[in-house]
Amino acid sequence: MAGRVAADLGVKHGITTAILTKEGPQGGGEVHVGTMHRFKGLEYQKLAVIGASDGVLPRASIAEKYETSDPRRYERELKKCRNQLFVAATRARDALRISWHGKASPFLPV
């Protein structure tokens, strides 16, 4: 999803991006794009978390794989996903926006 967002920002809106990788931002763009994992330890004045939809956050595959077969693992995976969202959201210093399509993630107080 991060790659699609970066491409859309550039093509549709003329916004330059830098993709966050393990080695740091790649490219000199004004907007950094990456997964929630990649924002850990960083701080931004403004941050947007996009795609926070039910089935994406947490992934539907987690529920399908562990909900009935391994309930303890299922709870650990949900906790890990919630923690990742918390870490990503707390990278914003002044402004945070969270968006989704369809139904919002159950982790969001909507």
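In what order do the strands of the open sheet lie, and what kind of pairing do they have? The views below start there. This is a predicted model, where local features need pLDDT of at least 70 and side-chain atom pairs count only at pLDDT 80 or more, while totals for chains, interfaces and linings use all residues. Residues are numbered from 1 along each chain as its sequence is written, and side-chain values use heavy atoms, with hydrogens and water left out.

**View 1. The open sheet has 3 strands in the order β2-β1-β3, with mixed pairing.** The edge strands, pairing on one side only, are β2 (24–26) and β3. From one strand to the next, the twist averages 40 degrees. Strands here are DSSP runs of E, at least two residues, and helices are runs of H or I, at least four, numbered from the N terminus. Two strands pair if DSSP finds at least two bridges between them.

**View 2. Zoom in on β1 and β3, which run parallel.** Here 3 bridges join β1 (residues 17–21) to β3. Look for A18, which stands opposite H32 in β3. Helix α1 lies across β1 and β3, running at about 155 degrees to β3. (Axes are lines fitted to C-alpha atoms, for helices over the stretch in contact, meaning heavy atoms within 4.5 Å; angles run from 0 to 180 degrees between N-to-C directions.)

**View 3. Spot the cis peptide bond from L57 to P58.** Its omega is near 0 degrees. Most peptide bonds are trans. You'll find P58 in the loop between β4 and α2.

View 4. Is R82 buried, exposed or partly exposed? R82 counts as partly exposed because its relative accessibility is 38%, and that class sits between buried (under 20% relative accessible area) and exposed (over 50%), using a 1.4 Å probe and protein chains only. The C-alpha atoms of R82 and P106 are 9.7 Å apart, though 24 residues separate them along the chain.

**View 5. Step back for the whole protein, with its 3 helices and 5 strands.** Along the sequence, the pattern reads α-β-β-β-β-α-α-β. The C-alpha trace spans about 45 × 30 × 25 Å along its principal axes. Of the 110 residues, 28% are buried. Among contacts with a separation of 6 or more, 57% come from residues 24 or more positions apart.
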